[in-house]
Amino acid sequence: MQWSDQAIILGIRRHGESSVIAEVMTSGHGRHLGLVRSGRSRAMQPVLQPGNSVEVTWRARLDEHLGEFRVEPLQLRAARLMETATSVYGIQALGALLRLLPERDPHPHLYEALAVIVDHLQDPADAGELFVRFELAVLNDLGFGLDLSECAATGGHDELVYVSPKSGRAVSREAGAPYAERMLALPAFLSGGHKAADHESLAAAFHLTAYFLNRHVYEPRGVDASSAREGFVHATLKALKSASPSAA
């Protein structure tokens with residue numbers, strides 16, 4: 001068994017004296033593990049860092065075996081990703097999200113999205129918006145997608161400002177007014193508007209995705225959300241608040 005694919009490093013763990021088991025997100029083979037011999041060598045350590053893009057060749061006798069990776073560097077981002085709190089926490093939180101999906105289950109659109117996000121993790125506004133959209137995509141792939149395109153009550157597309165906590169569908173301002181206290185806020189940047197994400201809208205978006213991840217994924221599985229997500233959310237909102245005109 002053998003294949004080659006582009007991948008992004010999610011993490012590694014030690015194996016024996018000199019090898020590591022690398023976890024990567026591939027373009028066509030999903031999240032995949034593989035043994036990297038001499039992965040702790042001076043030459044390989046800088047390559048096998050989370051966020052780096054690599055070319056991997058996987059070999060194994062049988063498809064169900066762990067197998068071995070041969071790794072070639074393509075784009076080394078790890079040093080840059082250590083420069084800000086948003087990028088340090090962000091790459092860890094993205095890896096935790098991808099671990100919610102079955103191993104070796106292809107999700108090429110998530111790989112493409114991941115490749116975009118890791119190049120924007122240092123910009124809090126871009127990183128925050130892209131991260132929320134990534135969480136929505138993961139929810140969708142897990143079978144719990146939100147429908148934010150039209151009002152659940154009227155079918156309209158205007159003034160979508162709420163999300164029903166029961167159905168995960170958007171609700172217009174007028175239709176949701178009687179139940180406003182029980183509704184979740186729908187930020188404008190997620191409802192088809194052209195307004196960029198800011199501190200307030202990102203805070204609401206993080207709350208929205210956390211609610212449905214907890215309800216549909218973490219609580220049923222009996223696990224806690226990644227602490228890296230909390231760190232990423234805090235760092236992103238803090239950076240945006242500091243950069244806002246009112247904070248000057």
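Which residues does Arg 77 touch, not counting residues up to four places away in sequence? The first legend takes up that question, and the others follow in turn. Please keep in mind that this is a predicted model.

**View 1. Arg 77 sits in the loop between E5 and helix H1 (78-81).** The residues that Arg 77 touches are Gly 51, Asn 52, Ser 53, Ala 115, Val 118 and Asp 119, leaving aside those up to four places away in sequence. Is Arg 77 buried or exposed? Its relative accessibility is 2%, so Arg 77 counts as buried. Look also for the side chain of Gln 75, which a polar contact of 3.2 Å joins to the side chain of Arg 77.

**View 2. Strand E4 (residues 53-59) pairs with both E1 and E5.** On one hand, E4 runs antiparallel to strand E1 (residues 2-15), and 7 bridges join them. Here Gln 2 stands opposite Arg 59 of E4. On the other hand, 7 bridges join E4 to strand E5 (residues 68-75), again in an antiparallel arrangement. Of the 7 residues of E4, 5 are buried, so the strand is largely enclosed by the rest of the structure. For the aromatic side chains, find Trp 3, Trp 58 and Phe 69, which ring pairs link into a cluster.

**View 3. The largest nonpolar core holds 53 residues.** Start with Leu 114, Leu 121, Phe 134 and Leu 190, the members that touch the most others in this core. At least two residues each come from E1, helix H2 (85-98), helix H3 (108-117), helix H4 (124-141), strand E6 (160-163), strand E7 (170-172), helix H6 (199-221) and helix H7 (227-243). Which of these elements gives the most to the core? That is H6, with 8 residues. For a closer look at one member, follow Phe 134: beyond residues up to four places away in sequence, its contacts are Leu 94, Leu 97, Leu 98, Leu 110, Ala 113, Leu 114 and Ile 117. Another core lies apart from this one and has 16 residues, including Trp 3, Ala 7, Val 47 and Leu 48. As general background, nonpolar side chains in soluble globular proteins tend to be buried together.

**View 4. Helix H2 is mostly covered.** Of the 14 residues in H2, 10 are buried. They are Thr 86, Ser 87, Gly 90, Ile 91, Ala 93, Leu 94, Gly 95, Ala 96, Leu 97 and Leu 98. From its first C-alpha to its last, H2 reaches 20 Å, close to the 20 Å expected at 1.5 Å a residue.

View 5. Because Phe 206 lies in helix H6 and Phe 232 in helix H7, the pair ties together parts that are 26 residues apart in sequence. Both Phe 206 and Phe 232 are buried. Tyr 211 counts as partly exposed at 31% relative accessibility, whereas Phe 212 is buried with a relative accessible area of 1%.

**View 6. The buried residues of helix H7 pack against H2, H4 and H6.** Those buried residues are Ala 228, Arg 229, Gly 231, Phe 232, Val 233, Ala 235, Thr 236, Leu 237 and Leu 240. H7 has 17 residues and reaches 25 Å from first C-alpha to last, close to the 24 Å expected at 1.5 Å a residue. At the start of H7, look for Ser 226: a side-chain oxygen of this residue reaches to within 3.0 Å of the backbone nitrogen of Ala 228.

**View 7. An open sheet of 3 strands runs in the order E7-E6-E8.** The pairing in this sheet is antiparallel. Which strands form the edges? They are E7 and strand E8 (184-185), each of which pairs on one side only. Between E6 and E7 there are 3 bridges, and the bridge partner of Tyr 162 is Val 171 in E7.

How values were computed: Residues numbered from 1 in each chain as written. Predicted model: local features only at pLDDT ≥ 70, side-chain atom pairs only at ≥ 80, totals over all residues. Heavy atoms only, no water. Buried < 20%, exposed > 50% of the residue type's maximum accessible area, 1.4 Å probe, protein only. Helix = DSSP H or I, 4+ residues; strand = E, 2+ residues; numbered from the N terminus. Pairing = 2+ DSSP bridges. Core = buried A, V, L, I, M, F, W, Y, C linked by side-chain atoms within 4.5 Å. Contact = heavy atoms within 4.5 Å. Phe/Tyr/Trp six-rings, centres within 6.5 Å; stacked < 30°, edge-to-face > 60°. Expected span 1.5 Å × (residues − 1). Polar contact = N/O pair within 3.5 Å; in protein donor to acceptor, adjacent residues only side chain to side chain.
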